[in-house]
Amino acid sequence: MTFALARPQALWLALAALPWILWFSRRSLSDLLPAQRVLSTVVRLLWCACLAAALGRPLVVRDDNRVAAVLLLDTSPSVSDEQIDAARAFVERARAARGENDVVLVSFAGAARAVPLDHRRAVPAAAALRAAAAGADATDIGAAVALGRALVPAGRIGRLVLLSDGQDTEGGLGAEAQAAAAARVRIDTVPLVRDRPEALVRAVEPPPGAAPGEPFEVRVGLSSTEAQHARVTLFEDDLPNPGDAVREIDLGVGRTEVRFRARVTEPGLVRYRARLDGLAHDTHAGNNQLAAPLRVAGQPRVLIVDGQPAEADALRRALCDARLRVDLRDPAGLPRKVEDLDRFDAVVLSDLAPESLGADTTRALSTWVHDLGGGLLFVAGPGAFGQGGWEDSGTERLLPVRFDAERRREDPRLGLILVVDKSGSMAGSKIDLAKEAARATADLLDPTDLIGVVAFDSQATWLVSLQRAANRTRIHDDITRLSAGGGTSILPALREAHRELGPARAKKKHVIVLSDGQSPEGGVLELVQDMVRDGITLSTVGVGDGADRTLLGQIAEQGGGRFYFTDQADRIPRIFTRETSEVTRGSLSEEPVRVHATRAAEVLAGVDLESAPPLRGHAVARSKPDAETLLATDDGDPILARWRVGLGRTVAFLSDAKARWAAEWLRWPGYARLWAQLVRETIRHPGGETFSMRAWAQGGRALATVDAIDRNDRFVDDLVGEVAALPAERPSDRVTAPLAQTAPGRYQAALRLAPGAWFLRATLRSGEDRETVGEAEAAVGLGYAREYADLEPDLQGLRQVAAATGGRFAPSPEQVFDTGGELVRTPKELWADALALAIVLGLVDVVLRRAVPGRRTG
Amino acid sequence: VKLHGVPLGALLAIFSAAGAVLAALYLLRQRRRRVEVAFLRLWSGERGRRDAARFLRRLRWPLSLLVQLALLALLVAALGDPRPDATGRHLAILLDASASMTATDVAPDRMTLARDEARRVVESMGPSDQAMIVRMDARPRPLGPLSSDAVALERLIDAVQPSHTAADLPRAFAMARDALRDRERPGVVLVGDGAWPEDLLARADLGGAELRSVVVGRSGDNLGIVAFAARRYPMDRESFEALAEVKSFLGHPTTARLHILADGVPLDTREIHLGPGETARLAFADLHATQGRFEARLEPAPGTDHFALDDRALALVGQPRRLRTLLVSDGNLFLEGALLLSEQVDLERVAPRDYRPPPADRWDVVVLDRFTPPEPPRAPGLIYVSPSGKGSPVETGATVSAPFLEGGAPHPLLRHVAWKDVNVARARVLRPAPGDATLAQSFGDPLVVAGTRGVARFLAVGFDLRQSDLVVRVAFPLLVRNALDWFSGEDDEPLLALAAGQTAHVPVPGGSLVDVVAPDGPRGRAPAKDGSVALWPDRVGTWRVGPVEIGVNLCDASESRIAPRAGAAAAFVPGRAALRHDPWVWLAASALLIGLLEWATFHRRLTV
């Protein structure tokens, strides 16, 4: 027994009172006898000491042998109501036998809760106990033990009694048992033995990988508590496994393994699912099926989609010769779903009109490239760019090039001068239609383009000086001033146009001449030649029979433009807009160009570009800032560019691969090699090294570990990356988690995933330049909750917990309170005792003062 | 008012009895003291004055009795331990016991100050208030039920010691929420260094309880090892690489030194220059240690580190299992060399003619070079080179000349193995059974196969190694190494370094109950399940689980970030603690005061 004071500072009060009491005692005026006074003083000092001691909260720590038994009752789904009733009976008996001991009840499943016990009433029924606990589909015995320890009141011997089947799905029991043992809290364990039949699919195990056509086995592990007949069905991607799908078997008690023969002909991700049916004795249906994924590697598959499939045969043959499996389809055959796209490793969009790709297709392509690592090659062509329309499209966002190159350029793309005949013969509707045509032309142009209007009769007059088409209102107003009158002479007007347009900064310079009459020819064609030399092209429009078709035709021919003739004046505006559309087709150039490599790249290795013939045309675009331009024209227009998009790669080849723009290339020996290397480099394959990844399920999570080890046996450190988990049935519904380095060359991630078969793809990039250093793949299957996975109570585990904490296995309710000589040190407060003593001392003091014999008168 | 001590009836009885005694004592008349005087006339004037004060003298007697009764009443009332019956507050005091509480930026350390603050909170409780103390580390634990007994609560607070784990704030909040559910005026008081994620505080669901905080700590200056691990190289098993991450939590650039020790011997020291908040990752390549015990020690510049727990980290790499290997061959130096490259192999050689079927458990691996016994040797790992006949684990088919080797499906044996450009003169086609894996094939014909027969794993190579240049390529020792790892089940070595506060399953050979020894002493015995023990290390240092040693490190950047953050939650205002003591204390103190005054008045004859 030991004594202590919780607030020893209160003793100062007694010390402070001492001089006070002594001083008044010595200076006393009372008529107490000296001995009486001394005695009274001593008693009063004791009285003060008692009160000061009471205020100091004295404690006495004594040994006690009373037990607080916390009964931890497992109410998880793996425990039946009958088992809970048996446990309730145990609790009742323990309560009856408790004597001076305490009994506390805790109900637990995925979480633990204390259940208030009214000792006048029966223990709550199974349903109420289940409701008291929380977190179905799990058993967290560790949490129950932790709560139980907290519920042991001070001054009691703590005793936890675990009534459970021992199936601890959260894995915390071992550690909590350790902590309980360290705190000298014993855990008695009472096994709740299963009394319900159960059969389940324990495991589905395809091999770690397979090759197309290679036979292999899928092992299906089954467990049952009863000997019974059952049917096991194996599904491959929701269809019965070809050749070996259904087995009628007799399940024994315990574990049974069934092996199915399987073979996959196509590469890709396959999901195997085993289902158990026809059971006579079973409780939970949720554990009767389980799935696992299998990745089947094979020859890369490439899909070519071409507007004119017949024209893409050369490309198809080049790729086939490179040992690639090629599907050639028309635009209608382009998959619209990610799942369908995922059967291919690369898709080549060749000379496709933008309208061929619907929104669904574009979205699917984006997901496939970004999340699934697909390779996309965009090959231009006249069909693809005849009408434009790729600008700002979803497809353009995937590509390494931007098609609005010209539009966004600061310099004007086009310098256009309309040379309009305003001679007297144009009077009337013709001049009005010419004005309308001029205004429409101005409206068609991009604001950065340049436009000028020169009217001519025998003289040239600037109606609209050469200026940016952005000034539309002013240009319209100026065009309105056009009026007919005078003769017809083209030459002065062409000179003016040449003078203004020659030095203008525009990529394309064009003149449209409109005339309805005869003009002197002298010097016109020579001037046209000069203009052509200055990069100016000319088109001409003749209106009415009076027009000088010969001259206008020659001007157009020599001027590199087009000659239009109409005898219907109302067609003038349409001709102007068409002509303007023709010349504004800046996204496409059909001039022969030679290409050269802008940088050394492995994909161009062995391709003799020096010997490459010119391409007859190309689409004009510009590379995006992060893209890598590999080939370009001598003018600097990119022809081949590439970049990474998420896990995948995209490539833009801005000429075509068939007998239109690349007609000479088809006969060029480098053609097949270039395309084979280009597609092989772009197809879905691990970037950089192929690292090994292990993945396993733990609870509702998949844990993934990637080992980055290079070929020189060195660990690859300082990488960043992530793991993407893709469900086998819907690859578009991906879940990602970052990879964190945990050791030399080791990166780990945890993903919370829904039950099912998941394919995991890890990408590791350099921390500095973000280049992909390596990739890794694995598959993992997450089954039903672990709560339903074990059939038998973990008796060994329960025994071990009891042994580790010094408790009993399967004790009787009475044994729960057996202390085995154990004592607990209990603090007891003594302040009330001190107060009681002070009361007594107070009375004694009064007695001493007033009732001492000899002092009273009779 | 409700009585928590002696019941009212008993109090009344005590008061009645003691009061009656007092009254009786005061009802007795006191005899006057006889004093002889020399001349009576001298006292007559005095007597006249005393007669004038007769009224006051008459009051002295009842007043004295009243004082005594008042004293008695106060003490008897105190015995009843009365408390107001009003609804009090219900507080959950979450006392931070995480690793950062060992920081010494305040004297003597944060934990001591936090305990003082928690006691202050308890002292500020009113008589009808109740509180529970929750010790908050990686496994928050209520130390007792809700109680209004301040002294008992303070005893619990005094017993709290910091662990070496991070605080699991969400779990502590959940615990507090559960404990305070349906309680009147619930409140949560967080006492600690405030190094808690602000978003957690913002998102805290406390079921309507008011959150207050008391923050201790002054400085966040710290440099810490936030990650440390070591691994063997996959091929060169005698060499290791260690990786350490050191992070600065200072607001200014600093310099530190990191020492690496192997088996207790200093191996390397690096000077690290770190900017504010910077992390340095350092790789120490080609380290050698017989026992595979590595330690990183950080030596910060003086005055820059208030937290010592993260200045040391351990990485213990287990020893690879030795493989007793029998090579049955007429002589194949390439094969022998590849086997001997592995330090874990204890190799014995025997010629085919001298081969006798070994007993079970004699060998871990048997390598059969161009020799196939009729019965497969009883060993967990078998390598067949050019197998033939009935004893072959796979059927053999036709012979192909100059096959074109291609890899098969992914398999642990193919890690880093490239078949590209491997030349083979002739090979026998193998016919794998379902479940076997084809590791190399030529135009669909399997040439190298791996699989399992019973409990034994095997690797079968369908060609004579001497008729191939495989043996001179790097792929060959890699294949052999991978096969040995696969046979021994050690294709992934355990990393025997854990983070404090995280449950880990430590594989232990044999035994159902295993002794656990923490750095601060034995922790009893832990049950082993499925060959492993669930360990929850709450202290950094070397732990021993049965025969297995494990290094436990803090290695938690969030816990190394020790900067206190006042203002993360509203501050707790203790109030005037002295006014909130239990009523009996006031009653007893009043009685003491009155008793002392009465003593003075009695001896000055103001009372009797």
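This report describes a predicted model, going from the fold of chain A to its interface with chain B and then to selected local sites.

## Chain A overall

Chain A contains 20 helices and 42 strands. It has 858 residues, and 57% of them count as buried. Among contacts in chain A with a separation of 6 or more, 74% are between residues 24 or more positions apart.

## Interface of chain A and chain B

Chain A contributes 88 residues to the contact and chain B contributes 92 residues. Together the two chains bury about 8,200 Å², with 59% of that area on carbon and sulfur atoms.

Between chain A and chain B there are 17 residue pairs in polar contact, counting pairs with both residues at pLDDT 80 or more. On the side of chain A that touches chain B, the largest share comes from helix α20 (residues 831–850), with 12 residues. By class, that side of chain A consists of 42 nonpolar, 18 polar and 28 charged residues. The rule also finds 10 salt bridges across the interface. One of them joins Arg44(A) to Glu598(B), where the closest N and O atoms are 3.4 Å apart.

## Helix α5 of chain A

Helix α5 of chain A spans residues 141–150, and nine of its 10 residues are buried, so the helix is largely enclosed by the rest of the structure. The buried residues include Ile141(A), Gly142(A), Val145(A) and Arg149(A). Also in the buried set are Ala143(A), Ala144(A), Ala146(A), Gly148(A) and Ala150(A).

The N-terminal end of α5(A) is capped by Asp140(A). A side-chain oxygen of Asp140(A) lies 3.3 Å from the backbone nitrogen of Gly142(A).

## Asp168(A)

Asp168(A) sits in the loop between β6 (157–164) and α6 (173–182) of chain A. Its relative accessible area is 8%, so Asp168(A) is buried. The side chain of Asp168(A) has a polar atom 3.1 Å from the backbone nitrogen of Ile141(A), a residue that belongs to the buried set of α5(A). A polar atom of the Asp168(A) side chain also lies 2.9 Å from the backbone nitrogen of Leu173(A).

Beyond its neighbours within four places in sequence, Asp168(A) is in contact with Thr139(A), Asp140(A), Ile141(A), Gly142(A), Leu173(A) and Arg786(A). Asp168(A) and Ala138(A) are separated by 30 residues in sequence, while their C-alpha atoms are 7.9 Å apart in space.

## Thr372(B)

In chain B, Thr372(B) lies in the loop between β17 (365–369) and β18 (381–385). With a relative accessibility of 17%, under the 20% limit, Thr372(B) counts as buried. A polar atom of its side chain lies 3.0 Å from the backbone nitrogen of Ser388(B).

Leaving out residues up to four places away in sequence, Thr372(B) touches Tyr384(B), Ser386(B), Pro387(B), Ser388(B), Gly391(B) and Ser392(B).

## Cysteines

The structure holds zero disulfides over all chains. For Cys48(A), the closest cysteine sulfur is that of Cys50(A), 9.4 Å away, which is too far for a bond because the cut-off for a disulfide is 2.5 Å. Cys48(A) is also buried, at 2% relative accessibility.

Definitions and conventions
Residues are numbered from 1 along each chain as its sequence is written. Chains are lettered from A and ligands numbered from 1 in the order in which they are written. This is a predicted model: local features need pLDDT of at least 70, side-chain atom pairs count only at pLDDT 80 or more; totals for chains, interfaces and linings use all residues. Side-chain values use heavy atoms; hydrogens and water are left out. Contact means heavy atoms within 4.5 Å. Buried area is the accessible area (1.4 Å probe) that two parts lose on being put together, summed over both. A salt bridge is a side-chain nitrogen of Lys or Arg within 4 Å of a carboxyl oxygen of Asp or Glu. A polar contact is a pair of N or O atoms within 3.5 Å; within protein, one must be able to donate a hydrogen and the other to accept it, and residues adjacent in sequence count only if both atoms are side-chain atoms. Helices (H or I, at least four residues) and strands (E, at least two) are DSSP runs, numbered from the N terminus. Ala, Val, Leu, Ile, Met, Phe, Trp, Tyr, Cys and Pro count as nonpolar, Asp, Glu, Lys and Arg as charged, and the others, Gly among them, as polar. Buried means under 20% relative accessible area, exposed over 50%, partly exposed in between (1.4 Å probe, protein chains only).
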